[in-house]
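Here are a few friendly notes to read alongside the model. Please keep the structure open as you go through them.

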Amino acid sequence: MPEKSIRQAINEALAQEMRRDPRVVVIGEDVAGGAATEGERDCAGGVLGVTKGLFAEFGDARVIDTPITESAIMGAAAGAAATGLRPVAELMFCDFLGVCFDQIFNQAAKFRYMFGGKARTPLVIRTMIGAGRGSAAQHSQSLYHIFTSVPGLKCVVPSNAYDAKGLLIEAIRDDDPVVFCEHKLMYDLKCEVPDEPYRIPFGEAAVVREGEDVSIVALSRMVHYSLEAAETLAREGIECEIIDPRTTSPLDEEGILESVEHTGRLVIVDEATPRCGLAVDIAALVADKAFAALKAPPKRVTAPFTPVPFAPSLEKLYIPSPERIAGAVREVVRYRR
Amino acid sequence: MQLSRDTLLKAYRQMSTIRHFEERVQEEFAKGGIPGFVHLYAGEEASAVGTCLHLSPQDYIASTHRGHGHSIAKGCDVERMMLEIFGRKEGLCGGKGGSMHIADLGQGMLGANGIVGGAPPLAVGAALSAKTLGKGTVAVAFTGDGGSSQGTTFEALNLAVVLRLPVIFVFENNEYGESTGWRYHVGSGDIAARAAGFGLPAVKVNGDDFFAVHEAAGEAIARAREGKGPSAIEIETVRFFGHHSGDAQRYRSREAVVKLRGERDCIKNFRTRVTEASLLEKSDLDGIDDEVASLIDRAVAQARAAPPPEDGALLTDVYVSY
C-alpha cells in the first residue's frame with residue numbers, strides 16, 4: 001500500500017469527493033490563491049498547500065477563493081449547506097474562530113433544532129490546530145474542546161493520514177456540520193493510505209497500542225508523544241494501552257471505559273488548556289462510569305492555563321512532552337491508597 | 001408597471017394578514033400565554049410583500065428577529081406560525097424555535113434570526129448554492145437599520161460583490177435600533193450609500209409606498225436572475241410597535257405613534273391608491289380583511305388549545321444522526 005502524508009491524504013479525500021459529488025465545493029481564503037495578481041493562479045492551495053491542485057481540476061466555481069472575512073466564509077458556507085451544496089469551508093487557523101463563531105455555533109449548529117428537524121446542514125469546516133511552530137498566542141491554540149461543547153456540531157481530530165482520509169470522506173458525506181481539526185505540525189507525517197475512497201465512522205476510537213497497566217487517552221499530535229512515552233515505559237516494565245478517540249463529538253465513551261476497566265488506570269493527554277476541556281470531560285466520564293475499576297485517580301497531562309507563548313523555550317514547556325506523559329504514567333502506577 | 005388585479009389582491013391579502021397577525025399577537029401577548037418575547041412587524045408590510053411577490057418558493061430569504069412579516073410574505077402557513085409562537089407541538093418548527101426562529105425551508109424561508117446581522121452571510125450562501133448549481137434562483141437578505149452596521153453584513157456585501165452572487169440586501173430602516181435612533185447609530189446617516197460603497201447598485205425607497213418597493217425590488221431581483229450580481233435597497237419604513245412587545249417606548253411619544261399610524265400606513269396608502277384609481281373596489285378589500293380576521297381568530301383559538309411538544313422532543317433534532 002502506498003505511503004502518503006496527512007497533507008496528501010486530505011487532498012486526495014477532497015479531490016475524490018469533489019469528483020463523486022458536484023455539490024461538494026471548497027471555499028476559503030487562498031484555497032487556490034493568486035486571484036487578480038500578475039503571478040500564478042493556484043499559487044497557494046491553502047496556506048500550507050493542502051488544497052493545492054484542486055483549482056486546476058475543478059475551477060473557480062468549486063474552489064472558491066474569498067476575502068479574508070471569516071464570518072462571511074462560515075456564514076455563506078452554512079447558508080449554502082442548508083440550500084443544496086456540501087461545502088468544505090476553510091477556517092485557516094482555529095484561533096480565527098474568534099471572528100466567526102456566531103455563524104458556526106448560533107447559525108449552522110442550531111438550524112436543525114431551531115427549525116424542528118427540517119434543516120440539513122452538510123457543512124465541513126477544516127481548520128488548523130496546535131502549537132510548536134513559533135506562531136504564538138493567536139495562531140497556535142487547540143480549540144476542539146469549544147467545538148465539542150456545542151450541541152449540533154461534530155468534531156474530528158485525526159492523528160494520522162489513514163484516519164484523516166477516511167474521516168474527512170465521512171465528514172463530507174455526513175449531513176450535520178462537522179469541524180475537522182488538522183494539526184499544523186503533522187501534515188508531513190506519513191503512513192499507508194489506500195488509493196480508493198473509504199469511510200471511517202465517527203465515534204469509534206482506535207486502540208493505537210495495547211497494554212495491561214495504564215490506559216492513555218490522547219488526541220492528534222499527543223497520540224505520537226504518548227507512543228514515545230509508552231516505548232520508554234515498556235523498558236521499565238509498564239505496558240500502556242493508547243486510545244485515540246479520533247472524534248471528540250461524538251465520543252466513543254464505551255471504548256474508553258472498556259480500556260479503563262481492563263487496566264484500572266487512566267492518563268489523559270491533551271494539547272489544549274486544562275479548564276473545561278477534553279481531559280476534564282474524559283476524567284469525569286471515567287469517574288462517573290468506571291469508578292469501581294480505578295486503582296488510582298485519573299491523571300491529566302495538558303497545556304498550562306496560559307496563552308501559547310512565543311519564545312521557543314517557553315513554547316516547548318507549554319506543549320505536553322513524552323517525558324511529562326511518562327511521569328504521569330509512573331505516578332498512577334505507583335499510586336497506593 | 002401596471003399590476004394585475006390578481007397580484008393586487010394577493011398583495012393586499014398578504015399585507016392585511018401581516019397586520020392582523022401582528023396586532024393580534026400583541027393582544028395575545030398582553031393577555032399571557034405566549035412565551036418569551038415577540039418583535040412585531042406592523043407598519044413595515046409593504047417591504048416584505050413588495051419584495052417577496054417577486055419570489056418563488058425556490059428562491060430563499062433570510063430574515064431578522066422581526067420576522068413574522070417576512071415569513072407570511074414568503075408563504076409560511078399562518079396557522080402553523082401562530083402555533084409556533086405559542087410553543088406548540090404542531091408549530092412550524094415543532095415549538096422548538098419560536099417567534100425568533102420561524103423557518104420553512106420548503107417555502108424558501110431560511111429562518112428569522114435572533115442574531116442582529118446573522119442573516120446576510122446565510123443569504124449569500126443560498127445565492128452561492130443558486131449560482132454554483134445553476135438553479136436560476138435568487139436570495140434576499142432582510143436586515144434592519146441596526147443590522148446594517150454589523151460586521152457580518154459588511155462581509156456579506158463584499159463577498160456577494162466579489163463572487164457576483166444573485167443576492168439582494170434589503171435594509172428595512174424603521175428608524176430605531178432597539179431604542180436608539182438610526183441617525184445616531186448609522187454613522188454615515190445613509191445606509192444605501194454605504195452599501196453602494198461596496199460596489200453594488202443601491203437605492204433608497206419609500207416603504208410607505210408598496211408600489212415603490214415592488215418596483216425597486218423587481219429591478220434588483222431581475223438583475224440578480226440575469227446573472228448581473230447583487231443589489232441593495234434601503235426601505236424607509238416605520239414600526240408601529242416598540243422594539244419588542246412590552247417595550248415602554250420612552251424614546252417616542254404616544255402622539256408620535258398615533259401620527260405614524262395616521263400618516264405613514266402603507267396599507268392605508270395602498271387602499272387609497274387602488275380605490276382612487278378604480279383598480280379594486282373597497283368591498284374587495286373589506287372582504288379580504290374579513291377573511292383574514294377569521295383566519296387569525298381561528299389560528300389563535302387553535303394555538304391556545306393546542307398541546308405543547310412531547311417531553312421527548314427535548315432530545316431530538318440536534319443532529320441528523322449521531
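1. The buried residues of helix H9 of chain A are covered by, among others, strands S10 (214-218), S11 (240-244) and S13 (266-270) and helix H10 (278-289) of chain A. Contact here means C-beta atoms, placed from the backbone, within 7 Å. Helices (H or I, at least four residues) and strands (E, at least two) are DSSP runs, numbered from the N terminus.

2. A word on provenance: this is a predicted model, where local features need pLDDT of at least 70, side-chain atom pairs count only at pLDDT 80 or more, and totals for chains, interfaces and linings use all residues. Residues are numbered from 1 along each chain as its sequence is written, and chains are lettered from A and ligands numbered from 1 in the order in which they are written.

3. In H9(A), residues 253-263, the buried positions are A:Ile256, A:Ser259, A:Val260 and A:Thr263. They line one face of the helix, because they fall within an arc of 95° seen down its axis (taken from the directions from the helix axis to the C-beta atoms). Buried means 20 or more other C-beta atoms within 10 Å of the residue's own. Just after H9(A), A:Gly264 has a positive phi of about 80°.

4. S10(A) is largely enclosed by the rest of the structure, since 5 of its 5 residues are buried. A:Val214, A:Ile216 and A:Ala218 lie on one side, with A:Ser215 and A:Val217 on the other.

5. S10(A) runs parallel to S11(A), joined by 4 bridges (pairing needs at least two DSSP bridges); A:Ser215 stands opposite A:Glu241. S10(A) also pairs in parallel with S13(A) over 4 bridges, where A:Val267 partners A:Ile216.

Note on methods: Buried ≥ 20, exposed ≤ 12 C-beta atoms within 10 Å, placed from the backbone. Contact = placed C-beta atoms within 7 Å.
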